Amino acid sequence: MRQKLPLAERIMNKYDFSPKSELKAIHELPDPFLKPDGTRVQTREEWPEQREYLKAMLTHYLYGTMPPPPGNTRGKVTFSRKVYNGRAIAETVHITCGPKDAVQFDCELIRPAKEGKVPVITWNQFKGRHGSPDEEDAVLNHGYAIIEFEKEQLAADSADAIHGPLATTYPGYTWGAIAMWAWAQSRVVDYLATTDYADMNRIVATGHSRGGKVALCATIYDERFALCAASGSGCCGAGCLRYLGGRLGEGLGTCETAGSIEDVFPFWWSDNFGEFGKRVKTYTRSNAPQIEFQDAVAMLQSESIGETGDEDYLPFDLHFLRACIAPRPVITTEGLSDTWANPYGSQITWRAADEVYQFLGAAGKNAIAMRDGPHEYQKLDWVHVIEFCDTMFYGTSPSKNIQCRTQDAKSQMNEIPGADWREFCSHFSWRMPKTEY
């Protein structure tokens, strides 16, 4: 009997994605409404199929293929104690899944000590780090549970990722470390579904820097995440591949590019992504050197740093990530001094993706919060995330620091754009299809 392919593989086989040599340059942000046959989406009813096409495109060119859910995820509480004078419960949870329970990792959970279900923030953490910027406020005053895991338990943040627990348990997939970590974040949701306290309609994915990239990826491919909150995710996250710039505008400051991220972190992505951007080295996922982060940064000291290469040949840009999450809410938090993460480009992709949110009747669910400061997940970012979650889950009013286009853009389509760059978009010529909704 012929073996049935996993769902991800069957979806991929529906589309004929061209190699770089056959792609034409697109000198603006690509149109997310453009279907595989060259026509455009016209109705909301067409969007689910279009979304699957965009997800398959990202799988092919960026993330790589991932295995399906294992179906046997289990969690065991190995340690529990009361904290904050008994107002909260902290637990260590050991999670197992996969063939012969080959995938195992630990999570740290804190939740309100009360009856009933609560929203849960899942957080992929860096090795050796623990605790949110304002855990007490989130848990005690807003009623959120927070569950964290160190993503390097599943795949190393190095070329060893392709030899780690996930890669060896699931051979034959083309995923890089970002997709591996995102897959693990979904396994945390598997566990939460077995508890009596998790509100499964209010599950959040968050992470910082590369963890922000992971949170976006996890939310794209797992619709159980009701909201995504990505902090400082930059290149291949909430940033932009075609347009780069710092707080003072386009072309000002040195930003990470597709080329520089591939020079140092090729093991994060599908090997197909390595074909784009100007690259100093020709490493792939399988032959990337074992180097320390500081040495990796030194590799970037070249005349090509901060310059784009062949990104224009990519059939997508990073507004597609938000578009694939729509109409579910997403907020990205950015530091204006975090030039490497491309704060200018993050605003461009936020605005472009809003065409999709407006089209789907989800105005106000696509948000960005800018603050002064460097590349950190700061307390103010956390405040903005919790505030946005409260707005989306409970209908509270967001602060003026969270930028959302709440007005229906349909009424503005035939008007002359004003001076506000959020309406006058020189980075793309397409707009959302006119609807009768």
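**Notebook: a buried aspartate, a helix and some rings**

I looked up Asp381 and found it buried, at a relative accessible area of 0%, where buried means under 20% (1.4 Å probe, protein chains only). I note that this is a predicted model, in which local features need pLDDT of at least 70 and side-chain atom pairs count only at pLDDT 80 or more, while totals for chains, interfaces and linings use all residues. Residues are numbered from 1 along each chain as its sequence is written, and side-chain values use heavy atoms, with hydrogens and water left out.

I placed Asp381 in helix 11 (residues 379-394), helices being DSSP runs of H or I with at least four residues, numbered from the N terminus. Its side chain makes a polar contact with the side chain of Arg371 (2.9 Å), such a contact being a pair of N or O atoms within 3.5 Å, one able to donate a hydrogen and the other to accept it.

I then turned to helix 5 (residues 177-192), where 16 of the 16 residues are buried, so this helix is largely enclosed by the rest of the structure.

For the rings, I counted 22 aromatic pairs, taking rings of Phe, Tyr and Trp (its six-membered ring) with centres within 6.5 Å, and calling planes under 30 degrees apart stacked, over 60 edge-to-face and the rest tilted. Trp175 and Trp183 form an edge-to-face pair, 6.0 Å centre to centre with 85 degrees between the planes.

Notes:
Buried < 20%, exposed > 50% of the residue type's maximum accessible area, 1.4 Å probe, protein only. Helix = DSSP H or I, 4+ residues; strand = E, 2+ residues; numbered from the N terminus.
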